[in-house]
Amino acid sequence: MRRKNAALMVSYAWLHSLAFSLTALLLSWVDYSPAYASCTVHLGEDAESRGHFVVFTAVFHACTFALSLFILCFAYLKVLQVARFHCKRIDVITVQTLLLLVDIHPSVKQRCLLEQKKRRQRATKKICIFIGSFVLCFAPYVITRLTELAPSVKIDRYWGIISKCLVYGKAASDPFVYSLLRQQYKKALFGVYNRILGRNSYTLSGHSTPSGMENECYSQRGNKLMEDNCH
């Protein structure tokens, strides 16, 4: 990420927010809406400005939800391509290492092959969760706001509040979703949980058994050969 590109992205984010917020404020389209139980972009009974309000709402959601979804899918598609490239490279090194280790324990070999399969699925799973949570939280609200533009449509108050809460829920759930999907965070959380209960995570993992120590020795040997091949 270059500084120029980062500055342009941050500047556009601020200009985007200020442009739509100030436009709605100057045209007196910000008011309390009973359907959503909050202050939001809301049109009163003024029929003269309904056409402008419809255009503004359509452009607003097209430039926020639709544009954000496009950028999200495009960016994560690039991430997925890079992740698959690295997975293939790691798989080749792993297979070469397994062929070199003739006396490797069968359980260690099986664990390596299982880890290969999990590694290939992990990136796709995470990206589906990220994009899916975005659509799940924002799509109901956006569809509701576009539907209510029709004069004959009346939004149910309970549905309006639920759709609005889903939007707020997205921002509240993101730190947990992004963190809990990281292996380092889950391991740290599991370690804190064991400390609170006074348990020994090393003993619980089964490494204290003779077979566990033997497998660990084979794993360390395999990792050492992998590092040598990488270099």
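**Exercise 1. Is Glu-148 buried, partly exposed or exposed, given its 22% relative accessibility?**

Step 1: Get the cut-offs. Buried means under 20% relative accessible area, exposed means over 50%, and partly exposed is in between (1.4 Å probe, protein chains only).

Step 2: Apply them. Glu-148 has 22% relative accessibility, so it counts as partly exposed.

Before going on, a word on the model: it is predicted, so local features need pLDDT of at least 70 and side-chain atom pairs count only at pLDDT 80 or more, while totals for chains, interfaces and linings use all residues. Residues are numbered from 1 along each chain as its sequence is written, and side-chain values use heavy atoms, with hydrogens and water left out.

**Exercise 2. Find the salt bridges and say how covered their partners are.**

Step 1: Know the rule. A salt bridge is a side-chain nitrogen of Lys or Arg within 4 Å of a carboxyl oxygen of Asp or Glu. Side chains of opposite charge can pair when their charged atoms come close.

Step 2: Count. The structure holds two salt bridges.

Step 3: Take Glu-148 again. Its side chain meets that of Arg-145 at 2.6 Å, N to O. Arg-145 is buried, because its relative accessible area is 4%.

Step 4: Now the other pair. Asp-174 bridges to Lys-170, with the closest N and O atoms 3.0 Å apart. Both sit in helix α4 (residues 157-180), four residues apart, or about one turn of the helix. Asp-174 is partly exposed at 22% relative accessibility, whereas Lys-170 is buried at 6%.

**Exercise 3. Describe the overall layout of the chain.**

Step 1: Count the elements. You get seven helices and two strands, in the order α-β-β-α-α-α-α-α-α from the N terminus on.

Step 2: Look at the strands. β1 (residues 30-33) and β2 (residues 38-41) run antiparallel, joined by four bridges. Strands pair if DSSP finds at least two bridges between them. One of the bridges links Ser-33 to Ser-38 in β2. Together the strands make a hairpin with four residues between them, and Ala-37 in the turn has a positive phi of about 55°.

**Exercise 4. Check the span of helix α1, then explore its sides.**

Step 1: The expected span is 1.5 Å times one less than the number of residues.

Step 2: α1 (residues 3-26) has 24 residues and reaches 34 Å from first C-alpha to last, close to the 34 Å expected.

Step 3: Find the covered side chains. In α1, His-16, Phe-20 and Ala-24 are buried.

Step 4: Find the nonpolar patch. Patches use residues with over 30% relative accessible area and no salt bridge, joining like charges within 9 Å and nonpolar side chains (Val, Leu, Ile, Met, Phe, Trp, Tyr) within 5 Å. Here Val-10, Trp-14, Leu-18, Leu-22, Leu-25, Leu-26 and Val-30 share about 760 Å² of accessible area, worked out by the Shrake-Rupley method with a 1.4 Å probe; for residues, only the protein chains shown count as cover. α1 gives the most, with six residues.

Step 5: Val-30 lies in β1 and is partly exposed, with a relative accessible area of 42%.

**Exercise 5. How many disulfides does the whole structure have?**

Step 1: Look for pairs of cysteine sulfur atoms within 2.5 Å.

Step 2: The search finds zero.
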